[in-house]
Amino acid sequence: LAFFVMMPTFLAGYYFYGIATPMYATDSDFLIITNEGSGGSSPFGGLLPSQFANNADSIAVQGYLQSKDAMLRLDRDAGFKDHFTQDWIDPIQRLNPDPSNEEAYKLYKKNVKIGYDPTEGMIRMEVVAANPELAAEYSRNLINYAQERVNNLSQDKRNDGMRDAVEAFEKAKQERRDAEEKLIRLKTENGADPEAVIAAVRAQITNYETLLIEKELERSEEHTSELQSQVP
């Protein structure tokens, strides 16, 4: 009993009250909201966020903030390794001098906890450091990384949407030209306008022209959305 209960309890109490360096935690809650949403079918257009897009973006941001890339960037920007290699931090919570990235990442995962609540769409983050001001600085940097990550994801979506709109626009133009060529060929081959055939071809041209106008409007909306997103 003394060896397995009393001694470990005594050693743990001695460590926490006499040796352990006090650690400070900064808690942050934030939402990922994008304007990649309901599109033109809603009177509010793309201003209404899509919950499914938010879930995907939030999970992507959570994974990035928990990655080694985020740790390395935090180390470059705010000296993560330098802080935890200082001599006044107790040996259990301190990194060895000149630690490897793997050693630093192991401590990073221990001191940076990130969770995502899909019911509220909220990302909750806890950042621990031996200095309260530095813990807050680490938290601000990580939130900035999350914002940049979401902006990059949104830009990729806009680029994909613009590319699809341009491809559909070019396809509609080509189909319109093909229909006009068919009409001209019928006139030339028959020497006169076969009214029934000509009417059908003209109806087809009208449909393509309508589709062309729709694609032009869609492309204009995508371009306007891209310009608005670039305005600070």
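Mentor: Let us begin with Lys68, which is partly exposed at 26% relative accessibility; buried means under 20% relative accessible area, exposed over 50%, and partly exposed in between (1.4 Å probe, protein chains only). This is a predicted model, in which local features need pLDDT of at least 70 and side-chain atom pairs count only at pLDDT 80 or more, while totals for chains, interfaces and linings use all residues. Residues are numbered from 1 along each chain as its sequence is written, and side-chain values use heavy atoms, with hydrogens and water left out.

Trainee: With which residue does Lys68 form a salt bridge?

Mentor: Its partner is Glu102, and the closest N and O atoms are 2.2 Å apart. A salt bridge here is a side-chain nitrogen of Lys or Arg within 4 Å of a carboxyl oxygen of Asp or Glu. Lys68 lies in helix H3 (residues 68-78) and Glu102 in helix H5, so the pair ties together parts that are 34 residues apart in sequence. Helices (H or I, at least four residues) and strands (E, at least two) are DSSP runs, numbered from the N terminus. Glu102 is partly exposed as well, with a relative accessible area of 49%.

Trainee: How many salt bridges are there by that rule?

Mentor: The count comes to five. In one of them, the side chains of Arg73 and Asp77 meet at 3.9 Å, N to O. Arg73 and Asp77 are four residues apart in helix H3, which separates them by about one helical turn. Asp77 has a relative accessible area of 47% and is partly exposed.

Trainee: Staying with H3, which of its residues are buried?

Mentor: Ala70, Met71, Leu74 and Ala78 are buried. Seen down the axis of H3, the buried residues fall within an arc of 100 degrees, so they line one face of the helix; the arc is that of the directions from the helix axis to the C-beta atoms. Asp69 and Arg76, on the other side of H3, are exposed. After H3 comes Gly79, whose phi is positive, near 65 degrees.

Trainee: What does Asn141 touch?

Mentor: Asn141 touches Leu74, Asp77 and Ala78, not counting residues up to four places away in sequence; contact means heavy atoms within 4.5 Å. Asn141 is found in helix H6 and is buried, with a relative accessible area of 15%.

Trainee: Turning to the strands, in what order do they form the sheet?

Mentor: Three strands form an open sheet in the order S1-S3-S2, with antiparallel pairing. Two strands pair if DSSP finds at least two bridges between them. The edge strands are S1 (24-31) and S2 (112-117), each of which pairs on one side only.

Trainee: How many bridges join S1 to S3, and how many join S2 to S3?

Mentor: Eight bridges join S1 to S3, and six join S2 to S3 (residues 122-129). Ser28 has Met125 as its bridge partner in S3, Tyr116 has Ile123, and Lys113 stands opposite Glu126. S2 and S3 form a hairpin with four residues between them, and Gly121 in the turn has a positive phi of about 70 degrees.

Trainee: Why is S3 described as largely enclosed?

Mentor: Six of the eight residues of S3 are buried, so S3 is largely enclosed by the rest of the structure. Arg124, by contrast, counts as partly exposed at 35% relative accessibility.

Trainee: Which residue forms a salt bridge with Arg124?

Mentor: Asp29 does, the closest N and O atoms being 4.0 Å apart. Asp29 lies in strand S1 and Arg124 in strand S3, so the pair ties together parts that are 95 residues apart in sequence.

Trainee: Finally, which residues have the most contacts inside the largest nonpolar core?

Mentor: They are Leu65, Phe84, Tyr108, Tyr138 and Leu142, in a core of 32 residues. A nonpolar core is a set of buried Ala, Val, Leu, Ile, Met, Phe, Trp, Tyr and Cys residues joined through side-chain atoms within 4.5 Å. The largest share of this core, seven residues, comes from H6. Phe84 touches several residues beyond four places away in sequence, including Met23, Leu107, Val128 and Tyr138.
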